[in-house]
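These are my notes from one sitting with a model.

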Amino acid sequence: MSIVLITGGAGFIGSHVASALLARGHEVRVLDSLIEQVHGGSRPARLAPEADFIAGDIRDADTVARALRGVDKVVHLAAEVGVGQSMYAIERYVSVNELGTAVLFQQLIERPVQRVVTASSMSIYGEGLYRRSDGGLAESVERIEARPGAWDPRDADGAALVPVATPEWKRPALASVYALGKYAQERLTLTVCGAYGMEGVALRLFNVYGPGQALSNPYTGVLAIFASRLLNRRPPLVFEDGAQRRDFVHVSDVAEAFAVALEHEKAPGQVFNIGSGEHRTISEVGTLLAQAMGSPLMPEITGKTRSGDIRHCFADISRAERELGFRPRQDFAAGLAELAEWVARQEAVDRADEARRELEARGLVA
Ligand code: UD1
């Protein structure tokens with residue numbers, strides 16, 4: 001069994017990873033800055049008490065050096081996570097996500113570990129993979145203009161494209177400051193680990209949901225935003241026409257993926273999509289969540305676009321299945337029921353309006 005450092009381990013995903021690793025008999029140390037937007041500044045109750053905890057910033061070399069003492073393996077999750085916010089808080093996002101990862105690896109040169117597993121993101125793909133009407137695949141699709149009646153991307157001749165599951169080989173299309181940072185983290189992990197005899201792995205997470213999601217942080221995933229609106233008796237606001245598709249993967253499956261990636265002999269040097277392998281529209285998940293929460297409110301289709309949004313992206317998880325034996329277990333309906341049950345016990349401050357105003361003031365929602 002190993003001693004594992006989880007950077008950002010007090011967060012939504014990190015605290016689940018901590019529990020999964022403790023359950024497997026590892027010792028866990030968490031380094032987390034407990035940023036106000038996510039945690040309100042204190043150690044969250046859901047972080048397992050057995051986890052050793054260090055409060056500190058990933059950009060602080062001395063803190064990172066202290067956190068690495070005696071550690072065998074690292075799970076790197078510390079990051080700023082709002083895609084929309086990354087488009088105006090550029091300095092903060094580049095500082096935490098790129099520089100923070102650089103500080104971690106600088107320290108790892110002096111204190112090498114066996115393996116580093118870094119959280120990358122589906123955001124690096126931009127639009128997912130599409131199929132053209134002639135059967136060929138289109139991997140560099142971009143929406144020139146997203147507007148009512150023309151939400152779906154089309155090929156150069158204006159012909160319709162069908163979205164298909166996105167595999168790891170799809171060329172990255174870095175459409176936000178956040179995506180740029182995640183790609184940098186992923187490449188730093190593989191490059192530096194390779195150069196210094198450590199094993200590097202990156203997991204490209206799709207849309208992660210589950211209990212512990214930061215309900216009052218309006219910059220994280222759509223399910224948390226919808227849940228906090230419903231909790232405050234307001235309808236979920238759906239951008240575009242609601243037919244955009246995503247892959248929602250339960251946080252327990254993601255935690256399992258990290259645990260396996262830390263141990264599996266085939267993981268080193270590779271990137272893996274971690275999703276559920278299923279896809280759903282945003283309208284559908286809004287409706288299902290309202291039902292699960294026992295709310296009569298229906299999602300409201302706004303017809304507005306959010307700058308930087310892609311239309312469809314969902315995971316091809318066959319590499320993780322084949323190489324790591326990864327099998328997402330959580331059924332979506334059961335996952336939503338559990339989320340609803342957890343949400344009912346929370347008090348979420350619905351800050352989505354505030355976030356939307358920030359984006360609108362900068363012309364990032366139209
Ligand atoms: C983005 C990132 C992803 C990251 C995730 C959570 C991209 C391509 N992906 O995913 O890496 O993990 O954020 O930070 O940048 N929506 C609404 N109403 C809302 C909020 C969102 O309709 O109030 C819609 C969005 O327009 C989008 C979908 O829901 O079509 C999903 O949005 P979101 O949960 O923010 O995640 P992604 O943009 O898929």
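The model is predicted.

**Entry 1: glutamine 185**

I started with glutamine 185 and placed it in helix α6, which covers residues 177-195. Is glutamine 185 buried or exposed? Its relative accessibility is 1%, and the cut-off for buried is under 20%, so glutamine 185 counts as buried.

I then looked for a polar partner of its side chain. The side chain of threonine 101 makes a polar contact of 3.2 Å with that of glutamine 185. Leaving out residues up to four places away in sequence, I listed what glutamine 185 touches: His76, Ala78, Ala79, Asn97, Thr101, Thr118 and Ala119.

**Entry 2: the ligand**

Next I looked up the surroundings of the ligand. The shell has 20 residues, and those that come nearest are Ser121, Val222, Leu237, Arg246 and Asp309. By class I noted 12 nonpolar, five polar and three charged residues.

Which elements each supply at least two residues of this shell? I found α7 (222-231) and β11 (237-238). The largest share, three residues, comes from α7.

At valine 222, a backbone N or O atom lies 2.6 Å from a ligand oxygen. At leucine 237, a backbone N or O atom is 2.7 Å from a nitrogen atom of the ligand. For glutamine 244 the side chain is involved: one of its N or O atoms is 3.1 Å from an oxygen atom of the ligand. How much of the ligand does the protein bury? Taken alone the ligand exposes 730 Å², and 92% of that is buried by the protein.

**Entry 3: a three-stranded sheet**

Last, I traced an open sheet of three strands, ordered β15-β12-β17, with mixed pairing. Its edge strands are β15 (280-281) and β17 (312-313), each pairing on one side only.

I checked how β12 and β17 are joined. Strand β12 (residues 245-246) and β17 run parallel, with two bridges between them. Across this pair, arginine 245 stands opposite histidine 312 of β17. Arg246, in the residue range of β12, is also among the residues that come nearest the ligand.

How values were computed:
Residues numbered from 1 in each chain as written. Predicted model: local features only at pLDDT ≥ 70, side-chain atom pairs only at ≥ 80, totals over all residues. Heavy atoms only, no water. Near = heavy atom within 4 Å. Polar contact = N/O pair within 3.5 Å; in protein donor to acceptor, adjacent residues only side chain to side chain. Areas by Shrake-Rupley, 256 points an atom, 1.4 Å probe, with all protein chains shown as cover. Helix = DSSP H or I, 4+ residues; strand = E, 2+ residues; numbered from the N terminus. Nonpolar A, V, L, I, M, F, W, Y, C, P; charged D, E, K, R; others polar. Buried < 20%, exposed > 50% of the residue type's maximum accessible area, 1.4 Å probe, protein only. Contact = heavy atoms within 4.5 Å. Pairing = 2+ DSSP bridges.
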